[in-house]
Amino acid sequence: MTVKLRAHHLLCMLTYVGRGYTPAFTANYDAIITRLGTGETIELVAGPDDVCEPLLGIGQPHCHNASVIERDRLTRLAVADLLASIDLGQPFHLDQTTLAALRSAFSTGDIRPACAGCEWSALCDSVAGSGYAGVSLVIATC
């Protein structure tokens, strides 16, 4: 199986600590994080992804907003050097080294231009500032 992620969710997963918009959203995100931690591949997609799924049937989900699409574009640009082979529709594996590099760049702000204006920024700042204590995503070792 492959986890379909929109680009900015590559950043969100770095600091995910089990909080979300709704209980269904959080349960779904927990399951996705578990899948990623066991080595499932990621496929970068344009638009709503597996994380968005629980929100799509509720009113007007923000998943389609221009601001979210821009957040995805900014993220793709920001992580391009760290994830040289990342392209829409091209599956890739997230290993411990890449996860550590992403978290390091997130902590310094190097890959966070897409986070401007995000309602979760304060939480992400706190998690990154704590050295990622309590994060849900841990890549299993072989």
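What covers the buried residues of α1?

1. Basis of the note. The model is a predicted one, in which local features need pLDDT of at least 70, side-chain atom pairs count only at pLDDT 80 or more, and totals for chains, interfaces and linings use all residues. Residues are numbered from 1 along each chain as its sequence is written, and side-chain values use heavy atoms, with hydrogens and water left out.

2. Burial of α1. The cover over the buried residues of α1 includes β1 (2-6), α2, β2 (41-45), α3, α4 and α5. Helices (H or I, at least four residues) and strands (E, at least two) are DSSP runs, numbered from the N terminus. Seven of the eight residues of α1 are buried, so this helix is largely enclosed by the rest of the structure. The buried residues are His8, His9, Leu10, Leu11, Met13, Leu14 and Thr15. Buried means under 20% relative accessible area, exposed over 50%, and partly exposed in between, with a 1.4 Å probe and protein chains only.

3. Packing of α1 against α4. Two packed helices are described by the angle between their axes and the distance between the axes. For α1 and helix α4 (residues 96-108), the angle is about 90 degrees and the axes are 10 Å apart. Axes are lines fitted to C-alpha atoms, for helices over the stretch in contact, and angles run from 0 to 180 degrees between N-to-C directions. The two helices are therefore roughly perpendicular to each other. Angles under 35 degrees count as roughly parallel, over 145 as roughly antiparallel, 65 to 115 as roughly perpendicular and the rest as oblique. From α1, Leu11, Met13, Leu14 and Thr15 meet Leu99, Leu102, Arg103 and Phe106 of α4. This contact of α1 with α4 comprises six nonpolar, one polar and one charged residues. Contact means heavy atoms within 4.5 Å. Ala, Val, Leu, Ile, Met, Phe, Trp, Tyr, Cys and Pro count as nonpolar, Asp, Glu, Lys and Arg as charged, and the others, Gly among them, as polar.

4. Packing of α1 against α2. The axes of α1 and α2 cross at roughly 90 degrees and come within 12 Å. That makes α1 roughly perpendicular to α2. On the α1 side, His9, Cys12 and Met13 meet Tyr29, Ile33 and Leu36 of α2. By class, the contact of α1 with α2 has five nonpolar residues, one polar and no charged.

5. The largest pocket. This pocket has a volume of about 500 Å³. It is lined by 32 residues, of which His8, Cys12, Tyr21, Cys118 and Trp120 lie nearest its centre. The elements giving two or more residues to the lining are α1 (8-15), α2 (23-37), α3 (66-79) and α5 (121-129). Of these, α1 gives the most, with five residues. The lining divides into 18 nonpolar, nine polar and five charged residues. On a 1 Å grid over the protein atoms alone, a pocket is an open set of points where a 1.4 Å probe fits, with protein on both sides within 12 Å along at least five of seven lines; lining residues have an atom within 4 Å of a point. Grid points are joined across faces, edges and corners, and a volume is the space filled by probe spheres set on the points.

6. Thr75. This residue belongs to helix α3 and is buried, with a relative accessible area of 0%. Apart from its neighbours within four places in sequence, Thr75 is in contact with Ala7, His8, Leu11 and Ala114.

7. The loop between β2 and α3. Gly47 lies in this loop and is buried, with a relative accessible area of 15%. The C-alpha atoms of Gly47 and Asp72 are separated by 8.4 Å, with the two residues 25 apart along the chain. Leu55 is also placed in the loop between β2 and α3, and at 9% relative accessibility Leu55 counts as buried. Leu55 and Thr22 are 33 residues apart in sequence and 8.5 Å apart in space, C-alpha to C-alpha.

8. Tyr132. Phi of Tyr132 is near 70 degrees, a positive value in a residue other than glycine. Tyr132 lies in the segment after α5 and counts as buried at 12% relative accessibility.
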